[in-house]
Amino acid sequence: MIETHLSLLIVVIPLLAAPVIAVLPNGRLPWFISTLVVWIVFVLSCWQLINIQGGDIISYELGGWAPPWGIEYRIDAANALVALIVAGIAAISLPYALQSVIKEIPLKQHSLFYAALMLCFTGLLGITQTGDIFNLFVFLEISSLSSYTLISMGKQRQSLTAAYQYLIMGTIGATFFLIGVGLLYAMTGTLNMADLAQRLPDLYNHQTIHTAFAFIMVGIALKLALFPLHLWLPNAYTYAPSIVTIFLAATATKVAVYVMLRVFFSVFDYSFIQASPTDELFLLLCVMGILFMSFFAIYQTDAKRLLAYSSVAQIGYMMVGLALGSMLSVTGTLVHLFNHALMKGALFMAVGAIVYRIGSSRIEHFAGLGKQMPWTFAAIVMGGLSLIGVPGTAGFISKWYLVLAAIEKQYWFLVIVILLGSLLAVIYVWKMVEVLYFKPQGDVSIQTVKEAPLSLLIPTWILVIANVYFGFNTELTVGTAQQAVALLLSGAVK
Amino acid sequence: MLDYFIGHYNYWMVIIIMMAGFYTVISRGNLIKKIAGLNIFQVSVFLLYVSIGTIEGGAAPIIEESVKLYSNPLPHVLILTAIVVGVSTTALGLALVVRIKEAYGTIEEDEIHNQDHSL
């Protein structure tokens with residue numbers, strides 16, 4: 001019974017939980033219910049991933065309406081992996097939320113906060129599960145609207161303007177996506193992605209299809225903060241409450257990259273992308289994004305903003321893999337999707353733990369904290385090493401695949417850019433480490449700062465250990481990614 | 001030639017409204033005017049969808065013996081969803097503007113920027 005409706009339950013459980021949580025009294029109960037829901041969904045998404053092992057595809061018809069008329073949830077290895085990332089990060093970060101939320105958000109807003117978080121969770125999972133492109137738009141808006149709300153709950157007043165800025169840019173992006181979907185529907189008469197993939201090749205010469213493609217690309221690029229459409233991201237990540245930054249940094253942009261992947265390889269096919277200047281354009285933007293954003297990160301004075309710029313650079317890496325479009329490179333993208341969620345999750349959690357203790361994320365205020373908070377400091381070092389891509393960490397695996405893919409295509413400049421990006425990462429990670437450990441403690445108040453509470457440290461260290469674990473054992477990440485890529489590139493999804 | 005222009009009247013209107021809305025979002029410094037622009041921008045897309053679904057002389061899709069030609073109801077249904085999304089976006093945007101006004105005492109972009117270099 002559960003197994004037949006598995007794909008739907010993953011979306012419906014958090015959706016139904018949201019209004020229930022909203023009417024609960026403030027206190028610990030909303031947190032408890034959310035954690036319970038998130039863990040149930042996590043177990044279900046693991047189950048789903050096991051079910052699709054071996055190249056199976058789950059097709060679920062909503063309300064019993066057969067596709068392409070009804071909405072279809074279509075799960076293959078790519079969906080299942082991304083759903084697992086979203087559910088896994090949520091399952092680890094929710095225990096972290098309890099203390100962090102009590103500190104950062106007024107008590108009277110707690111149940112509404114968790115309700116918004118559940119809606120955001122629903123939206124992100126819905127995007128990964130659905131096989132219908134209009135349904136995808138609806139889930140995109142569910143997740144976006146709730147993340148605007150979540151970002152605006154930050155302590156400083158800048159969080160309001162950051163949320164507003166994101167709302168304007170996010171809505172423009174979503175509306176562009178909607179225009180593209182409308183044009184595709186006008187040409188093909190279908191919204192089902194698998195059905196679109198069958199009908200589109202005959203129309204590839206038609207100008208409307210190219211226009212639709214351009215609108216969809218720009219729309220998603222805004223959502224995933226591809227350079228130079230990333231302007232909303234640094235402010236949003238800097239001023240949002242810590243837990244929101246952790247959750248969004250580790251999941252929201254990843255899901256947007258997944259949407260790009262679907263549109264690239266499942267709705268259109270790579271020959272269409274190559275025939276248009278898209279792949280060269282994306283390569284150019286990614287290269288510029290990796291270099292400029294890593295440079296920008298070096299000059300930041302706020303730890304959260306530094307990591308936000310680094311995120312934009314890392315999104316560049318993921319998109320490089322898509323633009324190259326080979327077996328190796330797309331595997332690299334999917335693995336980096338997973339690994340980047342782990343490393344940025346760990347880093348934002350560690351910075352969040354410092355913010356929890358000193359109430360500021362400015363790097364100058366961190367002076368000498370490494371000795372007061374040794375475990376948090378060690379987590380930043382380990383997360384940073386993974387971000388740089390040191391062998392033995394998860395970050396190394398994904399960059400390795402991307403470099404291999406670039407060598408395979410003989411794009412030598414790209415190999416240099418990827419390595420240069422890692423060197424720049426050394427500088428900005430060092431910048432935090434230096435202040436944390438080697439600067440003398442400036443303030444007397446700093447000397448009384450204690451190590452972060454265990455409820456913050458344990459989730460952080462679970463992610464840190466995951467970073468090391470997936471640096472050695474690549475069966476889950478690379479194995480599943482290869483299955484997904486085999487399906488995507490062979491056109492078996494059609 | 002003239003037929004081409006008149007025949008595609010809806011679509012020309014879509015483009016004009018879209019550009020007017022988009023331009024307002026980009027060029028105006030007043031936060032409420034930006035939201036209004038965003039709204040106009042979205043409305044143009046609603047119009048696009050409704051135009052796609054309509055057939056000249058087509059009736060509403062209710063099974064009736066005398067009617068042979070039906071309009072496609074699906075784009076209209078889709079756009080109902082999109083309208084709901086648009087309404088909630090506008091509501092959320094305006095709510096944020098109210099909070100910004102409380103926090104900064106102004107809703108002009110440049111004045112907010114002068115206060116703490118955000119936005």
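Begin by selecting B:Phe41, which you will find in helix α3 of chain B, the helix that covers residues 31-53. Keep in mind throughout the tour that what you have open is a predicted model. With a relative accessible area of 1%, B:Phe41 is buried, because a residue counts as buried when its relative accessible area is under 20%.

Now show the residues around B:Phe41, leaving aside those up to four places away in sequence. On the chain A side, B:Phe41 touches A:Ile172, A:Thr175 and A:Phe176, while within chain B it touches B:Met18, B:Gly21 and B:Phe22.

Is A:Thr171 buried or exposed? A:Thr171 counts as buried, since its relative accessibility is 0%. Again without residues up to four places away in sequence, the contacts of A:Thr171 include A:Tyr148 and A:Tyr166 from chain A, together with B:Leu38, B:Gln42 and B:Thr89 from chain B.

From these two residues, widen the view to the whole contact between the chains, to which chain A gives 29 residues and chain B gives 35 residues. Between them, chain A and chain B bury about 3000 Å², and 78% of this area is on carbon and sulfur atoms. Colour α5 (133-151) and α6 of chain A, as these are the elements that give two or more residues to the side of chain A that touches chain B. Of that side, α6(A) gives the most, with 18 residues. If you look for polar links across the interface, the rule finds six residue pairs in polar contact, both residues being at pLDDT 80 or more, whereas for salt bridges across this interface it finds zero.

For the last stop, turn to the surface of chain B and select B:Met1, B:Leu2, B:Tyr4, B:Phe5, B:Ile6, B:Trp12, B:Ile15 and B:Met19, which form a nonpolar patch with about 890 Å² of accessible area together. The elements that give two or more residues to this patch are α1 (2-7) and α2 (9-27) of chain B, and the largest share, four residues, comes from α1(B). Finally, zoom in on B:Phe5 in helix α1 of chain B, where this residue is partly exposed, with a relative accessible area of 39%.

Technical notes:
Residues numbered from 1 in each chain as written. Chains lettered and ligands numbered in written order. Predicted model: local features only at pLDDT ≥ 70, side-chain atom pairs only at ≥ 80, totals over all residues. Heavy atoms only, no water. Buried < 20%, exposed > 50% of the residue type's maximum accessible area, 1.4 Å probe, protein only. Contact = heavy atoms within 4.5 Å. Patch = residues over 30% accessible without salt bridge, like charges linked within 9 Å, V, L, I, M, F, W, Y side chains within 5 Å. Areas by Shrake-Rupley, 256 points an atom, 1.4 Å probe, with all protein chains shown as cover. Salt bridge = Lys/Arg side-chain N within 4 Å of Asp/Glu carboxyl O. Buried area = accessible area lost by both parts, 1.4 Å probe. Polar contact = N/O pair within 3.5 Å; in protein donor to acceptor, adjacent residues only side chain to side chain.
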